[in-house]
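Me: I want to go through the labels put on this model. Take them in turn and set each against its definition.

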Amino acid sequence: MADWKYTPAPLEPPPSYETTASIPPKSPTTKIPLPRAPLPLDLPWIRSIRGRRIILASASPRRRQLLAQIGLSNLSVIPSTVPEAFSKTLSPFEYVLQTATQKAMTVYSSQIDSPDGEPALVIAADTVVVSPRGQILEKPRSEADHIAMLKGLRDSISHKVYTAVVVMAPLPSARDPGYALESTVEETTVRFGSDVSDELILSYVRTREGADKAGGYGIQGIGAILVDRIEGSFDNVVGLPLRPTLALIEKVLRDDEDLVDEFAEAAEEE
């Protein structure tokens, strides 16, 4: 019998059965094209603000990425510098809504007479994670606090994530207060897996992914390994519920009398 030698398995996974027949053999010089990015949403009110100044009153890259997915990619990012000092004795709903409203108002007021031009739209948001006991969870203060926070979320049946979104737009008329403001608060229930071990929690904490996030985890990243299920909007947990945000943007823009004719013209073109 000839000597048998171990051959390691290939590093790349095998192709699926469905695509094997349609994919030509790769040559050393063949380049696989990157998938084409989807076209932006083609809605009348999105077309009406293209090229105008849109401000995201948040430093969150996740919120910027979510807005880019619906075609709002050319944003001015101007976070609010006012401390978030509302009392934690407020209900989570009130706390998150007041915080997001403060962010929007502060940035809007600072930019209304900016040399860069009046903003056509200001979008602000705030997200909090709330324990089953109603405690608003901040960002973890240390590794030990981070571990304890995630263990608490695992050991509870479920916890809530609230995101408030506030959208503002100036009104060209003299109608008080000179701007349109709309807001919403969305709620999602999140349940961690009961089989998440202490070892897995420690390993996740040491990735540092959740160190800058309220509640100590990012569901859109490695933190997904902690989550068993959710009830509600996924992007609400990420930090910006897109469908409600779209509805708010449309509503404040319809309050802008200068855009009424643009909406009508855009609708006629469809």
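Me: Why is Arg191 called partly exposed?
Reply: Its relative accessible area is 35%. Buried means under 20%, exposed over 50%, and partly exposed in between, with a 1.4 Å probe and protein chains only. Arg191, at 35%, is therefore partly exposed.

Me: What does this rest on?
Reply: This is a predicted model, where local features need pLDDT of at least 70, side-chain atom pairs count only at pLDDT 80 or more, and totals for chains, interfaces and linings use all residues. Residues are numbered from 1 along each chain as its sequence is written, and side-chain values use heavy atoms, with hydrogens and water left out.

Me: Which strand holds Arg191, and what is it in contact with?
Reply: Arg191 sits in β6, residues 179–192. Strands (E, at least two residues) and helices (H or I, at least four) are DSSP runs, numbered from the N terminus. Contact means heavy atoms within 4.5 Å. Neighbours within four places in sequence aside, Arg191 is in contact with Ile157, Ser158, Val227, Asp228 and Arg229. The C-alpha atoms of Arg191 and Leu153 are 8.0 Å apart, though 38 residues separate the two along the chain.

Me: What makes Arg208 count as exposed?
Reply: Arg208 has 58% relative accessibility, so it counts as exposed. It is found in the loop between α6 (198–205) and β7 (227–231). Arg208 also has a positive phi of about 70°, although it is not a glycine. Most residues other than glycine have a negative phi.

Me: How do you know that the span of α8 agrees with its length?
Reply: The expected span of a helix is 1.5 Å times one less than its number of residues. For the 13 residues of α8 that gives 18 Å, and the end C-alpha atoms are 18 Å apart, so the two agree.

Me: What about α4?
Reply: α4 has 20 residues and reaches 29 Å from its first C-alpha to its last, close to the 28 Å expected. Its buried residues include Tyr95, Val96, Ala100 and Val107. The buried residues of α4 pack against β1 (54–56), β3, β4, β5 (159–170) and β6.

Me: What makes a set of residues a nonpolar core?
Reply: The residues must be buried Ala, Val, Leu, Ile, Met, Phe, Trp, Tyr or Cys, joined through side-chain atoms within 4.5 Å. The largest such core has 44 residues, and those with the most contacts inside it are Leu72, Leu121, Ile123, Leu150 and Tyr217. Its largest share, six residues, comes from helix α8 (residues 242–254). Apart from it lies another core, of 18 residues, among them Ile55, Ile136, Ala164 and Val166. In soluble globular proteins, nonpolar side chains tend to be buried together.

Me: Which residues of α8 are buried?
Reply: Leu242, Pro244, Thr245, Leu246, Leu248, Ile249, Val252 and Leu253.

Me: How many residues line the largest pocket, and which lie nearest its centre?
Reply: There are 33 lining residues, with Arg63, Thr127, Lys139, Asp212 and Ala214 nearest the centre. β3 gives the largest share of the lining, four residues.

Me: Which classes make up that lining?
Reply: It has 16 nonpolar, eight polar and nine charged residues. Ala, Val, Leu, Ile, Met, Phe, Trp, Tyr, Cys and Pro count as nonpolar, Asp, Glu, Lys and Arg as charged, and the others, Gly among them, as polar.

Me: What makes this a pocket?
Reply: On a 1 Å grid over the protein atoms alone, a pocket is an open set of points where a 1.4 Å probe fits, with protein on both sides within 12 Å along at least five of seven lines; lining residues have an atom within 4 Å of a point.
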